[in-house]
Amino acid sequence: MNTTQVNATTKTARALPAGAKAIKVASRPAVTYTGAQQNELLAALPREVLESLFEHLEMVQLPFGKELFEFGNAMEYVHFPTSAIVSLLYVMEDGATTEIAVIGHEGVVGVSLFEGERAMCSAVVQAAGYGYRMKAEHLRAAFARGGALPALLMRYNTALFAQMAQNAVGGRHSSIEQKLCRWLLDRLDRSPSNSLKVTQEMISIMLGVRRESITAAAGKLQDEGLITYRRGNITVLDRSGLEAYAGECYKVAKTEFDRLRLDVARC
């Protein structure tokens with residue numbers, strides 16, 4: 001958790017940057033321009049567009065394991081993570097689970113552009129943190145007004161689709177070691193450090209493989225000096241080596257998100 005997020009939970013509009021606008025509804029923490037910018041999509045919006053969303057945005061804590069929506073249900077809220085990491089999961093009838101995408105401070109979770117639209121997957125918080133949320137109906141209204149917001153969301157969806165497509169291809173053609181490297185790198189891209197709190201059991205569930213396979217793959221990466229693993233903590237020692245090991249399993253989606261960031265910078 002960073003300083004801005006801690007302060008946002010205990011303070012309101014005092015000590016705001018010059019010219020910053022804040023909206024406080026009832027006992028909710030104030031939403032500030034600098035606070036909302038911790039999410040890259042919100043940060044890319046023109047200031048007047050972002051501030052027009054303040055009355056509908058709410059900063060929320062996202063604890064580990066919280067389900068934001070479930071397959072088949074209506075998506076009431078849209079979430080813009082700042083420090084939390086969210087997994088999009090497909091759960092089969094027999095309970096088997098596979099991760100199809102991961103979203104952090106670079107993106108948005110639960111965009112529903114049509115009233116009555118149902119979720120095609122489940123969304124679960126995998127790394128606790130914070131984010132901003134707004135009701136889906138308010139996002140739809142803002143989208144209908146046109147301008148920078150719909151263009152940005154559509155561009156982001158292209159990058160998210162690239163991640164999903166790469167995960168589908170990697171699931172069929174990549175080795176267990178490559179899948180593990182990609183999974184770790186996806187989280188490093190959305191984490192403040194090179195250490196991750198995660199169990200082998202969780203990784204096996206997310207990748208849809210046996211735990212013994214993850215144990216063997218993690219041991220191999222550790223023997224090669226790429227990671228260290230101890231009691232639910234994985235530390236990446238050689239990121240470039242991890243990227244080289246992952247190969248196309250990681251590179252294609254990463255390239256698309258890098259293009260997204262360049263496009264966002266031009267907004």
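What follows is a set of questions and answers on a predicted model.

Trainee: How many helices and strands are there in the protein?

Mentor: The chain has 267 residues, and 45% of them count as buried. Among contacts between residues at least 6 apart in sequence, 71% join residues at least 24 apart. As for secondary structure, the protein has eleven helices and ten strands.

Trainee: Which residues have the most contacts inside the largest nonpolar core?

Mentor: That core has 44 residues. Its largest share, six residues, comes from helix H6, residues 148–173. A second, separate core of 26 residues includes Leu89, Leu180, Leu188 and Ala217. In the largest core, the residues with the most contacts are Leu57 and Phe69.

Trainee: Is Ala36 buried or exposed?

Mentor: Ala36 is placed in helix H2, residues 33–36. Beyond its neighbours within four places in sequence, Ala36 is in contact with Leu42, Ala43, Leu50, Phe54 and Tyr132. Its C-alpha atom is separated by 8.9 Å from that of Leu57, 21 residues apart along the chain. The relative accessible area of Ala36 is 0%, and the limit for buried is under 20%, so Ala36 is buried.

Trainee: How far apart in space are Leu221 and Glu177, C-alpha to C-alpha?

Mentor: Leu221 lies in helix H9, residues 211–223, and counts as buried at 0% relative accessibility. Leaving out residues up to four places away in sequence, Leu221 touches Leu180, Cys181, Leu226, Ile227, Leu242 and Tyr245. Leu221 and Glu177 are 44 residues apart in sequence, and the distance between their C-alpha atoms is 7.5 Å.

Trainee: Is H7 roughly parallel or roughly perpendicular to H8?

Mentor: Two packed helices are described by the angle and the distance between their axes. The axes of helix H7 (residues 176–188) and helix H8 (residues 200–207) come within 11 Å and cross at roughly 105°. Angles of 65 to 115 degrees count as roughly perpendicular, so H7 and H8 are roughly perpendicular.

Trainee: How many nonpolar, polar and charged residues make up the contact of H7 with H8?

Mentor: From H7 come Lys179, Leu180, Arg182 and Trp183, which meet Ile203, Met206 and Leu207 in H8. Sorted by type, the residues of this contact are five nonpolar, no polar and two charged.

Trainee: Which strands stand at the edges of the open sheet of three strands?

Mentor: The order in this sheet is E8-E10-E9, with antiparallel pairing. Neighbouring strands are turned by 15° against each other on average, direction ignored. Each edge strand has a single partner strand, so one side of each is left without a neighbour in the sheet; the edge strands are E8 (195–197) and E9 (227–230).

Trainee: Which residue in E10 stands opposite Ser195?

Mentor: Strand E8 runs antiparallel to strand E10 (residues 233–236), and three bridges join them. In E10, the residue opposite Ser195 is Thr235.

Trainee: What is the phi of Arg231?

Mentor: Arg231 is found in the loop between E9 and E10. At 81% relative accessibility, Arg231 counts as exposed. Although Arg231 is not a glycine, its phi is positive, at about 45°.

Terms used: Residues numbered from 1 in each chain as written. Predicted model: local features only at pLDDT ≥ 70, side-chain atom pairs only at ≥ 80, totals over all residues. Heavy atoms only, no water. Core = buried A, V, L, I, M, F, W, Y, C linked by side-chain atoms within 4.5 Å. Buried < 20%, exposed > 50% of the residue type's maximum accessible area, 1.4 Å probe, protein only. Helix = DSSP H or I, 4+ residues; strand = E, 2+ residues; numbered from the N terminus. Contact = heavy atoms within 4.5 Å. Pairing = 2+ DSSP bridges. Axes fitted to C-alpha atoms, helices over the stretch in contact; angles between N-to-C directions. Parallel < 35°, antiparallel > 145°, perpendicular 65-115°, else oblique. Nonpolar A, V, L, I, M, F, W, Y, C, P; charged D, E, K, R; others polar.
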